[in-house]
Amino acid sequence: QVQLVESGGGLVQAGGSLRLSCAASGRTFSSYDLGWFRQAPGQEREFVAAISRGGGVTNYADSVKGRFTISRDNGKNTVYLQMNSLKPEDTAVYYCAAAPSLSRTIVQITPADYRSWGQGTQVTVSS
């Protein structure tokens, strides 16, 4: 397993940008799919974006396509989520997570597939 620590959350006005980072410990970082999920008060945790172990495959929720970009740096054991054109409905606690990779050509998007989770970072978008 890997240990994950998120950073970069905060308060931003609608239309603004934030970049979340998630630093991982462990020597097998490059063997994991990495995902970002979010949970708003009173709602279920939902998928936001994921990236395959080599970075060649990404997947996004429809609600963030064209606005968010996930990337990873295996040399730094870090995954990023660049969030642009933020909307009030993006307000949530954002979690990064790691899942043992199944293939270089597949990226997992189901929370149940992810074994390791960070503690979360709050993102608040004001209108």
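Start by selecting Asn 77, which sits in the loop between strand 7 and strand 8 (78-83). Strands here are DSSP runs of E with at least two residues, numbered from the N terminus. Before you move on, note that this is a predicted model, where local features need pLDDT of at least 70, side-chain atom pairs count only at pLDDT 80 or more, and totals for chains, interfaces and linings use all residues. Residues are numbered from 1 along each chain as its sequence is written, and side-chain values use heavy atoms, with hydrogens and water left out.

Stay on Asn 77 and look at its backbone: phi is positive, about 50 degrees, although this residue is not a glycine. Is Asn 77 buried or exposed? Asn 77 is buried, because its relative accessible area is 18% and buried means under 20% (exposed is over 50%, partly exposed in between; 1.4 Å probe, protein chains only).

Next, select Ser 85, in the loop between strand 8 and strand 9 (92-100). Ser 85 also has a positive phi, near 50 degrees, and is a residue other than glycine. With 39% relative accessibility, Ser 85 counts as partly exposed.

Now go to Arg 67, in the loop between strand 6 (58-60) and strand 7 (68-73). Arg 67 is buried, at 11% relative accessible area. Which residues does Arg 67 touch, not counting those up to four places away in sequence? Show Gln 82, Met 83, Asn 84, Ser 85, Leu 86, Lys 87 and Asp 90; touching, or contact, means heavy atoms within 4.5 Å. Your Ser 85 from the previous stop is one of them.

Notes
Helices (H or I, at least four residues) and strands (E, at least two) are DSSP runs, numbered from the N terminus.
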